[in-house]
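Subject: Structure for your review

Dear colleague,

Please find the sequence and structure below.

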Amino acid sequence: MAYFLVQILVLLYFTVFLTFCSTTNGKFSEKSPMIISTKRMEKMTRLRFYFHDIPSGKNPTNMRIAGPEKTTADSFGSTFMVDSPLTEEPEPNSKLVGRAQGVYAFASQHDAGLLMVLNFAFLEGTYNGSALSILGRSPVLDNVREMPIVGGSGLFRFARGYSLSKTISSSQKSRNVVVEYNVTVVHF
């Protein structure tokens with residue numbers, strides 16, 4: 001009788017355990033019976049900074065890493081690695097607040113459309129050590145360009161939002177460009 005009761009209790013335990021801790025796709029995704037409070041208030045943050053793309057001079061901030069041979073730098077397939085300063089104001093000697101690091105490429109055969117894959121890594125103030133990630137299309141000849149913020153780290157964990165950018169200045173001779181970014185993100 002005791003043996004029978006133990007078997008029933010073991011069966012009942014495993015039924016309850018499997019109900020609360022079921023596994024989907026092996027160990028990759030597990031539901032836990034443990035209840036952890038993750039309620040935090042979402043915040044909306046608005047940032048404005050200036051991106052300095054400097055392909056010329058002693059310390060260029062972008063470098064062509066791929067693309068068709070014997071074509072101009074702004075032709076379809078041209079791909080650039082970037083590590084550009086983000087400043088508080090449009091002047092190049094303005095306070096450095098972060099760096100834009102990533103890749104952009106001319107992804108359109110019909111217009112000047114860039115594929116932008118960038119992290120805005122912040123180095124100053126409250127957001128020092130935090131980053132926002134952009135992944136999207138930037139039609140560079142449009143007056144204002146909208147791109148999605150697809151994530152973040154540090155204080156911007158679980159970030160989502162958008163950026164509006166516009167070219168403030170550009171030089172045909174040096175090809176240096178300053179772009180204003182207005183970013184709106186929701187995060188925890």
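A salt bridge, as the term is used here, is a side-chain nitrogen of Lys or Arg within 4 Å of a carboxyl oxygen of Asp or Glu. Please note from the outset that this is a predicted model.

Salt bridges

There are four salt bridges in the structure, and three of them are described here. Arg99 pairs with Asp83, and their closest N and O atoms are 2.7 Å apart. With buried meaning under 20% relative accessible area and exposed over 50%, Arg99 is partly exposed because its value is 23%. Asp83, at 34%, is likewise partly exposed.

Arg160 forms a salt bridge with Glu42, where the closest N and O atoms are 2.9 Å apart. Here too distant parts of the chain are linked: Arg160 sits in strand 10, whereas Glu42 is in the loop between strand 2 (29-30) and strand 3, and the two are 118 residues apart. Arg160 has a relative accessible area of 40% and is therefore partly exposed; Glu42, with 41%, is also partly exposed.

Glu124 forms a salt bridge with Lys95, with 3.4 Å between the closest N and O atoms. Glu124 is partly exposed, at a relative accessible area of 35%, and Lys95 is partly exposed at 43%.

Nonpolar core

Which residues have the most contacts inside the largest nonpolar core? They are Phe49, Phe51, Met116, Phe120, Leu132, Tyr181 and Val183, in a core of 25 residues. At least two residues of this core come from each of strand 3 (43-53), strand 5 (79-87), strand 6 (96-106), strand 7 (113-122), strand 8 (131-139), strand 9 (145-153) and strand 11 (177-187). Strand 7 contributes the most, namely five residues.

Phe49 illustrates how these parts meet. Leaving aside residues up to four places away in sequence, Phe49 touches Leu86, Thr87, Val97, Phe120, Phe122, Val179, Glu180, Tyr181 and Val183.

Strand pairing

Strand 8 and strand 9 run antiparallel and are joined by four bridges. They form a hairpin with five residues between them, and Ser133 stands opposite Gly151 in strand 9.

Strand 9 is also antiparallel to strand 10 (residues 160-170), with five bridges joining the two. Within this pairing, Glu146 stands opposite Leu164 in strand 10. The hairpin of strand 9 and strand 10 has six residues between the strands, and Gly154 takes a positive phi near 65° there.

Confidence

The average pLDDT of the protein is 83, and 76% of the residues score at least 70. Among its elements, strand 9 has the highest mean pLDDT (97) and helix 1 (residues 2-20) the lowest (47). Over residues 9-25 pLDDT stays under 50, and the model has twelve contacts beyond four places in sequence for this stretch. Where pLDDT is low, the predicted coordinates should not be read in detail.

With kind regards

Notes:
Residues numbered from 1 in each chain as written. Predicted model: local features only at pLDDT ≥ 70, side-chain atom pairs only at ≥ 80, totals over all residues. Heavy atoms only, no water. Core = buried A, V, L, I, M, F, W, Y, C linked by side-chain atoms within 4.5 Å. Buried < 20%, exposed > 50% of the residue type's maximum accessible area, 1.4 Å probe, protein only. Contact = heavy atoms within 4.5 Å. Pairing = 2+ DSSP bridges. pLDDT = per-residue confidence, 0-100.
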